[in-house]
Number of protein chains: 2
Amino acid sequence: MRDLSNGSIPRGFRFGAAKAGLKASGRPDFALIVADEPASAAAAFTSNRVIAAPLVVDKENLTATGGRVRVAAINAGNANCAAGEAGLQAARATCAAVAQTFGCRAEEVFPSSTGIIGVPLPAEKLIAALPELAESLGCESSHFSEAAHAILTTDLVEKMAFARLEIKSGDGAVSEVRIAAFGKGSGMIHPQLVPHATMLVYVLTDAAVEPGDLDGYLRAVVEVSFNRISVDGDTSTNDTVLLLASGASGARIGAGDAAFAAALTEVCTSMARQVVADGEGATHVVELRVGGAANDADALRVAKAIAHSPLVKTAWAGCDPNWGRLVATIGYSGAQVDPGRIDIRFGELQICRDGGRAAEFDEAAAHEYISQREFSISIDLHQGKGSCVFWTTDLTHQYISINADYST
Amino acid sequence: MRDLSNGSIPRGFRFGAAKAGLKASGRPDFALIVADEPASAAAAFTSNRVIAAPLVVDKENLTATGGRVRVAAINAGNANCAAGEAGLQAARATCAAVAQTFGCRAEEVFPSSTGIIGVPLPAEKLIAALPELAESLGCESSHFSEAAHAILTTDLVEKMAFARLEIKSGDGAVSEVRIAAFGKGSGMIHPQLVPHATMLVYVLTDAAVEPGDLDGYLRAVVEVSFNRISVDGDTSTNDTVLLLASGASGARIGAGDAAFAAALTEVCTSMARQVVADGEGATHVVELRVGGAANDADALRVAKAIAHSPLVKTAWAGCDPNWGRLVATIGYSGAQVDPGRIDIRFGELQICRDGGRAAEFDEAAAHEYISQREFSISIDLHQGKGSCVFWTTDLTHQYISINADYST
């Protein structure tokens with residue numbers, strides 16, 4: 001569900017956006033999510049060993065509060081990474097000013113940053129924008145979408161997803177639980193979250209979930225959503241997924257609720273696919289379905305090798321059904337492979353059978369199929385029962401243009 | 001040494017080239033190296049688990065002969081890979097016809113192919129060109145360079161390297177030993193040879209070296225030359241380095257000859273750098289010098305992560321001194337890293353110190369330095385004594401143009 005309406009916004013949260021002056025474009029670049037009461041929180045961060053200052057502070061703060069967040073403060077235009085002690089001071093100064101504005105503890109603030117790496121974050125610009133930002137807060141869909149817009153960098157479109165479910169409590173009463181997410185990410189996208197960009201995603205629910213249970217849901221869902229996408233194979237220093245539960249629906253959810261997990265998976269998978277679909281310069285979105293691998297890890301090796309092969313990705317950009325490049329990539333992926341047993345289909349079209357060109361291979365039909373903006377490639381290795389689904393993009397002239405002239 | 005003259009061509013070999021009609025351009029596409037007598041041979045092949053038909057035949061033939069080659073038969077325009085049994089038959093038919101032409105055993109023929117994957121090789125075109133090719137053979141530098149030209153695909157220039165050394169025999173007599181190499185490679189370049197393209201390199205010497213010793217020299221040299229380069233991170237199904245020793249100089253060389261190893265290293269390092277310098281669409285050639293790693297393997301992890309990062313490579317294309325992308329890449333390389341101790345220099349310019357922007361960082365000077373066609377980046381991790389030198393390219397619009405419209 002992508003319907004943005006007031007009835008889709010989880011209760012217990014307010015949203016706001018302002019122009020702090022970090023984006024050269026002068027567009028809004030600072031957003032807040034403010035929970036009415038401290039919300040249960042679980043977060044997943046990049047596995048990059050170089051991590052940005054806000055992530056260091058986030059981890060400290062979540063530990064200090066036992067998993068409670070009052071305010072998420074998110075800026076675009078500067079990643080606050082590789083900026084040494086000054087970067088940490090900027091993140092902490094922002095937390096302190098936000099805490100003062102909203103009457104909470106500094107540890108209850110969750111800062112996030114995205115943008116250029118290696119340039120000190122001017123915290124004073126964020127702090128100066130806080131009064132205006134506090135004034136602008138609201139709980140309507142328009143406030144939600146303004147926050148979603150402010151955190152974009154090279155993204156072309158806002159990314160948001162919604163789900164609703166009904167929870168029956170012990171006494172038979174039925175409560176509606178809402179889940180909503182917004183996020184950003186377009187380049188430097190190969191999240192490897194521990195439980196992975198700079199991808200920033202904020203998932204909100206008005207269910208009442210304890211922090212430990214919330215963490216369990218988050219770890220499970222990132223594995224099959226954000227950890228299954230790649231635009232360019234570059235794992236960011238700032239990737240963050242934050243899941244907040246306000247409890248404002250009154251519905252209590254413990255560990256192992258299948259309906260809640262399914263709704264959360266639907267929202268996170270939608271967000272992951274939206275990030276890929278808006279990948280820098282992307283003209284094709286490709287769903288890779290790898291099956292018959294010796295195990296799931298091997299299936300993922302094959303999918304990632306394909307998703308990171310410049311030769312495969314440029315062939316897609318040219319709508320070129322050059323399946324030989326796929327075979328070569330499968331061969332160096334590190335997965336257990338019998339070259340004579342590889343089958344490849346583009347959608348329903350058999351392209352390669354037993355490692356060679358399929359007898360029914362029709363180059364014109366294959367070209368037409370992969371000329372679509374979204375298409376699917378299925379690979380069967382015939383080695384076992386391992387499988388995965390992975391989403392990625394092509395590699396285009398526009399990607400080069402975007403990234404060959406970023407900081408200068 | 002890159003001087004092409006009759007005095008630089010190892011004795012005991014003849015060379016030829018012809019137009020077999022495999023290249024759509026109609027240019028020469030079939031080359032032969034013919035040893036006057038069966039030459040000692042050592043070969044290194046791709047580590048890709050999908051390997052082309054000629055490599056299967058090469059391995060069988062080298063085993064059958066105990067490391068002896070009479071003729072190397074090399075075609076461009078078709079990789080003869082992923083073509084099933086028909087591909088093997090095409091390679092064997094070529095060997096049989098070459099053997100008949102030159103009066104040797106089919107097992108003494110070493111076939112190589114480069115070009116598109118997945119299209120059956122028309123062996124009959126190669127076989128039909130053999131009489132003309134046999135007529136054209138010669139041992140002069142012009143014949144050598146014609147063979148070097150015929151095996152090119154997307155390469156813009158011929159690649160060759162030469163070395164000479166003097167060997168003193170037990171009785172005090174001095175013999176001149178010559179080493180010469182030609183090869184090709186521009187895209188799908190990340191050789192991982194076991195002792196790695198489609199990179200094809202033929203190294204010839206007129207020293208007398210037994211096959212087992214020759215194999216030892218080859219395994220050592222590929223590790224510090226061809227296995228230290230990457231254009232696009234795609235490891236080919238056809239990569240081959242063949243080292244042939246004719247013995248025609250009369251100089252016998254056993255295992256562990258430092259002067260011979262040094263000359264061979266000079267030739268192979270030159271060839272590896274020539275492949276990178278002609279990398280598809282490359283406008284910059286970058287030497288990565290990683291030091292202070294926990295061990296050599298970690299140093300190589302960092303170099304490869306940088307060499308394969310689209311964000312780093314596009315920044316180079318734009319002459320953009322965006323060192324933050326380097327720090328991010330080092331962070332996800334998998335190497336042991338202390339983010340606060342990373343130092344980076346562009347040439348002699350200190351860019352990053354202790355993980356943050358160096359106080360003396362001068363963006364204009366850094367931009368000017370990396371605007372050169374060839375430049376060097378040094379990284380010190382301060383973790384130990386591991387190091388490596390690695391060569392790679394930028395990622396440009398021209399790379400996209402070359403590869404987005406290859407087979408169609």
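Is A:S309 buried or exposed? In this predicted model, where local features need pLDDT of at least 70, side-chain atom pairs count only at pLDDT 80 or more, and totals for chains, interfaces and linings use all residues, residues are numbered from 1 along each chain as its sequence is written, and chains are lettered from A and ligands numbered from 1 in the order in which they are written. Side-chain values use heavy atoms, with hydrogens and water left out.

A:S309 turns out to be buried, with a relative accessible area of 0%; here buried means under 20% relative accessible area, exposed means over 50%, and partly exposed lies in between (1.4 Å probe, protein chains only). A:S309 sits in the loop between helix 7 (296–307) and helix 8 (310–317) of chain A. Helices (H or I, at least four residues) and strands (E, at least two) are DSSP runs, numbered from the N terminus. With neighbours within four places in sequence set aside, A:S309 is in contact with A:T329, A:Y332 and B:D234, contact being heavy atoms within 4.5 Å.

The size of an interface is often given as the accessible area lost when the parts come together. Chain B and chain A bury about 4300 Å² between them, and 59% of it is on carbon and sulfur atoms; buried area is the accessible area (1.4 Å probe) that two parts lose on being put together, summed over both. Of the area that chain B buries against chain A, B:R49, B:L311 and B:I400 supply 15%, more than any other three residues. The contact draws 53 residues from chain B and 53 residues from chain A.

As for specific pairings, there are 0 salt bridges between chain B and chain A, a salt bridge being a side-chain nitrogen of Lys or Arg within 4 Å of a carboxyl oxygen of Asp or Glu. The count of residue pairs in polar contact between chain B and chain A is 5 (both at pLDDT 80 or more). A polar contact is a pair of N or O atoms within 3.5 Å; within protein, one must be able to donate a hydrogen and the other to accept it, and residues adjacent in sequence count only if both atoms are side-chain atoms. On the side of chain B that touches chain A, two or more residues each come from helix 8 (310–317), helix 9 (323–332), strand 14 (356–357) and helix 11 (397–403) of chain B. Helix 9 of chain B gives the largest share of that side, 8 residues. By class, the side of chain B that touches chain A holds 23 nonpolar, 22 polar and 8 charged residues, where Ala, Val, Leu, Ile, Met, Phe, Trp, Tyr, Cys and Pro count as nonpolar, Asp, Glu, Lys and Arg as charged, and the others, Gly among them, as polar.

Among the buried residues are B:D298, B:L300 and B:K304. Their cover includes strand 11 (285–293), helix 8 and helix 9 of chain B. At the N-terminal end, B:N295 caps helix 7 of chain B, with a side-chain oxygen 3.2 Å from the backbone nitrogen of B:A297.

In chain A, A:A272 belongs to helix 6 (residues 258–277) and is buried, with a relative accessible area of 0%. The C-alpha atoms of A:A272 and A:I229 are separated by 6.8 Å, although the two are 43 residues apart along the chain.

Over all chains, the count comes to 36 salt bridges. One of them joins the side chains of B:R14 and B:D36 (3.8 Å, N to O). B:R14 lies in strand 1 (residues 13–18) and B:D36 in strand 2 (residues 30–46) of chain B, so the pair ties together parts that are 22 residues apart in sequence. In chain A, A:E223 forms a salt bridge with A:R228; A:E223 is partly exposed at 35% relative accessibility, whereas A:R228 is buried at 15%. A network of salt bridges links A:R11, A:R164, A:E176, A:R178 and A:D206.
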